[in-house]
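Please keep the sequence and the structure in view while reading.

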Amino acid sequence: MGSPVTGAEGTPLAAASSTSPGLRPPTRRSTELFMLAFAATLVTGALILVEANQEQELSMRILWLGLAYLGLLTVAHLAVRKWAPYADPVILPCVALLNGLGLVMIHRIDLAMADVKLPNNQVWSSAAPKQVLWTAIALTLFCTVLKVLSDHRTLARYGYTAGLLGLVALVLPGVLPSFIAPEINGAKIWLSFGAFSIQPGEFAKILLMVFFAAFLVSKRDLFTIAGRRVIGLDLPRARDLGPLIAAWAVGVSIMVLQKDLGSSLLFFGIVLVLLYVATERAAWVVLGVMMFCVGAVVAWKLFGHVQIRVQNWLDPFADPSGTGYQIVQSLFGLGTGGLFGAGLGGGRPDQIPEANTDFITAVIGEELGFVGLAAVLLIYTVFAMRGLRTALSVRDTFGKLLGGGLAFAVAFQIFIVVGGVTKLIPMTGITAPFLSKGGSSLLANYILVALLLRISDAARAPKTTPKPRPQQPAIADQFTVMVERPK
């Protein structure tokens, strides 16, 4: 593919000329508000169905959860309309609907687990109220980012700082001792401080996207120079492979030290996509995929935990009550759901381990069926498409790369999650964005949405043309005045 025709600052002329102001802000406000109200209605109806099917009565919990959800959405809508009035009106409703559906499923799992006898006479702690609290904190952070960051291009100045912080956050759980970074469900991706825990990898992905976007904008010419041509591909020069090799080394380190295939695959996939968007050369993607496959095979040969993950992927029924128990229960749940599902409140999520985190999509598939799960994935698709459209429309190159990376990260993450649950790829340890229980995921993903809306506001805002200065008449057009010398 040939290089696009660019303007003075490297912006494709076609994209710049096709950028239009879009809808007027009042129309956007009504569109977004209508879709948010529709999302709130769906979520409230789903809560009523869960209560009716599970408890056979309606309790005050529905009123509390529904009003809290509606209030949070109203605050988010007002913040977007105040600080990003031209932002895409579809992105926030998609996020709100996913977050609301996640709240419904977490509440449904709480009801199912309340009747389960836990080991050592433990009592199940309801996660839905905590999820509402984390949503409130995440939306506060969301509003703060929109207010403080008035121009997304400011982030390009701190690209290397963001890269260093992101790298430290990404590898920190793998190198710290187990009393600070415990191994949970076979993966070391958490930092624990007493009753408080955080997953730094969720924030690292945003920091590293800022770094790679800024780096590729400043060094784009180095990556577009072709080396040798092999099998129809223009391979990059050997001395230009440094960033790709560094990203590959980090990805393999995550796989080995943290025992987390999901974060490794997500990080490396984002790097490859940003390289492809910046250079429009498929050779980078082909080389990256080959390097990742080689690293994965070597890790599979050398490390036992990688072999267990692969064995559970190839044949989970070889040990259905041991290492393959999670994926076996997930497959049984999806099979029970069938095409239209068992209905909200009609499934058995208590039989699926980690149902409100890693396997929440399996619970959705059991209770809403293939149709319901496909509808949820369609919402993610709409979100990703609007994000990519924002990346195409924004005028600056940094915004294009960052917006494309943010949209791709959410889409690729849900692919990894659903792929692991359905046995398409080996099981991973990452959570579904906006759906799964967890504060770190909500905080990081709402920051991601705020950045995407900031880029969207810049892309859709009408161009402001400076007022023309009044032109002075030419000297030749001036009247000649004869001045007499005083006598």
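Helices, with at least four residues, and strands, with at least two, are DSSP runs, numbered from the N terminus. In those terms, Asn356 has its place in the loop between α13 (325-337) and α14. The model is a predicted one. Its protein chain comes to 16 helices and 4 strands.

**The chain as a whole**

- Of the 487 residues in the protein chain, 48% count as buried.
- The protein chain exposes about 23,900 Å², and carbon and sulfur atoms supply 67% of that area.
- Among contacts in the protein chain with a separation of 6 or more, 74% are between residues 24 or more positions apart.
- The number of disulfides in the structure is 0. A disulfide is a covalent bond between the sulfur atoms of two cysteines.
- Cys94 counts as buried because its relative accessibility is 9%, and buried means under 20%. Cys293, in contrast, is partly exposed, with a relative accessible area of 42%.

**Helix α4**

- Helix α4 covers residues 91-113. Its 23 residues, at 1.5 Å a residue, should span 33 Å. The end C-alpha atoms are 33 Å apart, which agrees with that expectation.
- Helix α4 is mostly covered, since 23 of its 23 residues are buried.

**Salt bridges**

- How many salt bridges does a search of the whole structure find? The search finds 7.
- One of them joins Arg81 and Glu32, whose closest N and O atoms are 2.9 Å apart. This pair links distant parts of the chain, for Arg81 is in helix α3 (residues 60-83) and Glu32 is in helix α2 (residues 25-54), 49 residues apart.
- Arg81 counts as buried because its relative accessibility is 6%. Glu32 is also buried, with a relative accessible area of 0%.
- Glu367 and Arg108 form another salt bridge through their side chains, at 2.3 Å from N to O. Glu367 lies in helix α14 and Arg108 in helix α4, so this pair ties together parts that are 259 residues apart in sequence. Glu367 and Arg108 are both buried.
- Asp457 forms a salt bridge with Arg454, and the closest N and O atoms are 3.3 Å apart. Both residues lie in helix α16 (residues 439-460), 3 residues apart, which is about one turn of the helix. An α-helix has 3.6 residues a turn, so residues three or four places apart point the same way. Asp457 and Arg454 are both buried.

- Helix α14 covers residues 360-393, and Phe370 is found in it. Phe370 counts as exposed because its relative accessibility is 55%, and exposed means over 50%.
- Phe370 also belongs to a nonpolar surface patch of about 440 Å², which is made by Leu339, Phe340, Phe370 and Val371.
- Thr390 lies in helix α14 too. Is Thr390 buried or exposed? Thr390 is buried, with a relative accessible area of 4%.
- Leaving aside neighbours within four places in sequence, Thr390 is in contact with Asp88, Ile91, Leu452, Ile455, Ser456 and Ala459.
- Thr390 and Ser456 are 66 residues apart in sequence, yet their C-alpha atoms are 5.3 Å apart in space.

**Residues in loops**

- Which residues does Asn356 touch, not counting those up to four places away in sequence? Asn356 touches Ile106, Ile109, Trp124, Ala127, Ser436 and Lys437.
- Asn356 counts as buried because its relative accessibility is 5%.
- Glu354 is likewise found in the loop between α13 and α14. Glu354 counts as partly exposed, at 30% relative accessibility. Its phi is near 50 degrees, a positive value in a residue other than glycine.
- Lys423 has its place in the loop between α15 (397-421) and α16. Lys423 counts as partly exposed, at 27% relative accessibility. The phi of Lys423 is near 70 degrees, which is again a positive value in a residue other than glycine.

How values were computed
Residues are numbered from 1 along each chain as its sequence is written. This is a predicted model: local features need pLDDT of at least 70, side-chain atom pairs count only at pLDDT 80 or more; totals for chains, interfaces and linings use all residues. Side-chain values use heavy atoms; hydrogens and water are left out. Patches are made of residues with over 30% relative accessible area and no salt bridge: like charges are joined within 9 Å, nonpolar side chains (Val, Leu, Ile, Met, Phe, Trp, Tyr) within 5 Å. Accessible areas come from the Shrake-Rupley method with a 1.4 Å probe; for residues, only the protein chains shown count as cover. A salt bridge is a side-chain nitrogen of Lys or Arg within 4 Å of a carboxyl oxygen of Asp or Glu. Buried means under 20% relative accessible area, exposed over 50%, partly exposed in between (1.4 Å probe, protein chains only). The expected span of a helix is 1.5 Å times one less than its number of residues. A disulfide is a pair of cysteine sulfur atoms within 2.5 Å. Contact means heavy atoms within 4.5 Å.
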